[in-house]
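This briefing goes through one protein model by topic. Please look at the structure first, then read the points below.

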Amino acid sequence: MVLKSLKYTLKTALTTTEVTRLYPEVMMELPANERGIHELDATTCIGCGSCARVCPNSCIELVPYRYGNPLKNRKMQFPQIDYGRCTFCGLCVDECPVSCLKMGKRTEIAGWDRKDIVYGPDRIAVKKFSDREVAELEAEAKRQAEEKKKAAAAAAKEKAAKAKGKENKAKAKPGEGGEA
C-alpha cells in the first residue's frame, strides 16, 4: 500500500504540471482591471476632499502631508485610507477631479495591529516632491500670497480714494451755485 502511494506521488510529481501557486515567491499576473492599493500622485492633488466625501464606508480621511504642491493644495491635506473598511469600490477614483488617485496593482495588505492597515499619504504616494522642491514651492506660494495681499491693499486704498472723491464732489455741488 505504501509503495503504491509513493509510486503515484513520484509519477504525478515528475510528469504533471504544478497546480499550486508559488505565491509569495512568484506573484501571479493580475488582470488589467485589478483594484489594488490606491496610488496617489501628491504633485497634482488639490486636497479638495471629494474622495473622502464620496466614500460609502468613510474610510478616507484627509491628513497633513509635507511632500505635495502648496500652490495647488494650500492646506496640504492628502487622503489617508483605512484598508480595514475599504471595499475597493473605486468611487473615490471616479470622483477625483484631477485624477490624482488611482487603483494600483499592489494587493498585499497585512499588519499586526489595526493601525498597520491604515495607509497614509506617505505609503500610497507614488509621485511626490523632494525636500528641495517643496522648499522652492513654499517660497513661491509665499511670494504669491504677499503679491495678492499687496494687490488687495492697493485695491482697497483706491476704492477708499474713489469714495472720498465722490463725497467731496457731493459736498462741492451745492456750494457751486446749485441752490438759488
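Two strands count as paired when DSSP finds at least two bridges between them. By that rule, strand S1 (residues 38–41) and S6 pair in the parallel sense, with two bridges. The model is a predicted one.

**Overall form**
- The protein has five helices and six strands.
- Along the sequence, these elements follow the pattern α-β-α-β-β-α-β-β-α-β-α.
- The protein has a radius of gyration of 31 Å, while a compact globule of 180 residues would have one near 16 Å.
- Taken along the principal axes, the C-alpha atoms fill a box of roughly 135 × 35 × 30 Å.
- Of the 180 residues, 25% are buried.

**The sheet**
- Strands of a sheet pair through backbone hydrogen bonds, in either a parallel or an antiparallel way.
- Here, an open sheet is formed by three strands in the order S4-S1-S6, and its pairing is mixed.
- Strands S4 (101–103) and S6 (125–127) each have a single partner strand, so they stand at the edges and one side of each has no neighbour in the sheet.
- From one strand to the next, the twist averages 35°.
- Asp41 has Lys127, in S6, as its bridge partner.

**A surface patch**
- Leu3, Leu6, Leu10 and Leu14 make up a nonpolar patch on the surface, and together they have about 470 Å² of accessible area.
- One of these residues, Leu10, lies in helix H1 (residues 2–15).
- Leu10 counts as partly exposed because its relative accessibility is 48%, and the partly exposed class lies between under 20% (buried) and over 50% (exposed).

How values were computed. Residues numbered from 1 in each chain as written. Predicted model: local features only at pLDDT ≥ 70, side-chain atom pairs only at ≥ 80, totals over all residues. Heavy atoms only, no water. Patch = residues over 30% accessible without salt bridge, like charges linked within 9 Å, V, L, I, M, F, W, Y side chains within 5 Å. Areas by Shrake-Rupley, 256 points an atom, 1.4 Å probe, with all protein chains shown as cover. Salt bridge = Lys/Arg side-chain N within 4 Å of Asp/Glu carboxyl O. Helix = DSSP H or I, 4+ residues; strand = E, 2+ residues; numbered from the N terminus. Buried < 20%, exposed > 50% of the residue type's maximum accessible area, 1.4 Å probe, protein only. Axes fitted to C-alpha atoms, helices over the stretch in contact; angles between N-to-C directions. Rg over C-alpha atoms; globule rule 2.2 N^0.38 Å.
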